[in-house]
Amino acid sequence: MTTAAATRTDPDIQRDVLDELAWDPQAQPHEIGVSVADGVVTLTGRVDSYARKWAAERCAHRVRGVRGVADDIEVRLPGLDGQDDGELALAAVRALEWDSFVPAERLDVTVSAGWLMLRGEVEFGYQRRTAEQELRRLRGVRGVTNLVEVVPPAPPSAEQTALDLRRALRRRTGTEAITVELAGDTVVLGGTVRSWWERDEAERVAWSAPGVRAVDDRLVVTG
């Protein structure tokens, strides 16, 4: 089977990634270098926040034909060398409290030199990921280590979880070309999808399943 990734050249992908970076207002294309080898994009350079680093990575993933992304972008915070970690910790706690999808009372944040360590327990994988996303956006964050555990109230059976996921994927994407396997608390998505939107939607569905701590996305975009 011929895929979209196989029909695109590395220069084509590099040009589109640069254009996507220029299009996205959250990224800084003039400070980011892009190289491509066999469909794998390497991002280099520096940005002034962890949120921009994350935005640049998402830009690269959105481009058709990209097989993988190596993010070597450095976060440098101008004028914040003396920033108080206590102030950043307070901002992190408030950000978690303001998000109604995050059980902030079950989470702890530790800050050291602008690096955030997130610990605690949640019932769903999407809560774990949402909490990290909230912290990524804060000014002054150099990085986030997410050690939150996913502990469902009642351990579901792997067979029932896989069945429910397949049904949800059909409802959301309208395709039966996605395969689902469970390896412990990890969902493995395989098969093909027609667009990056369908790939992202399949990931969101997988993260919403009870007891899921990780999603291994092996989907191939054919459109």
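Tutor: Gladly! Let's begin with a cut-off: buried means under 20% relative accessible area, exposed means over 50%, and partly exposed lies in between. Keep in mind that this is a predicted model.

Student: What makes Glu-149 and Arg-213 a salt bridge?

Tutor: The cut-off is a nitrogen-to-oxygen distance within 4 Å. The side chains of Arg-213 and Glu-149 meet at 3.4 Å, N to O, so the pair qualifies by that definition. Arg-213 is in the loop between H6 and strand E11 (214-217) and Glu-149 is in strand E8, so the bridge ties together parts 64 residues apart in sequence.

Student: How do you know that Asp-200 is buried?

Tutor: Its relative accessibility is 19%, and buried means under 20%, so Asp-200 counts as buried. Its side chain meets that of Arg-58 in a salt bridge of 3.6 Å, N to O. This pair links Arg-58 in helix H2 with Asp-200 in helix H6, 142 residues apart.

Student: Which label does Asp-24 get, buried or exposed?

Tutor: Buried, because its relative accessible area is 11% and the cut-off is under 20%. Its salt-bridge partner is Arg-62, at 2.9 Å, N to O. Arg-62 itself, at 35%, counts as partly exposed.

Student: How many salt bridges does the structure hold?

Tutor: There are 18.

Conventions: Residues are numbered from 1 along each chain as its sequence is written. This is a predicted model: local features need pLDDT of at least 70, side-chain atom pairs count only at pLDDT 80 or more; totals for chains, interfaces and linings use all residues. Side-chain values use heavy atoms; hydrogens and water are left out. Buried means under 20% relative accessible area, exposed over 50%, partly exposed in between (1.4 Å probe, protein chains only). Helices (H or I, at least four residues) and strands (E, at least two) are DSSP runs, numbered from the N terminus.
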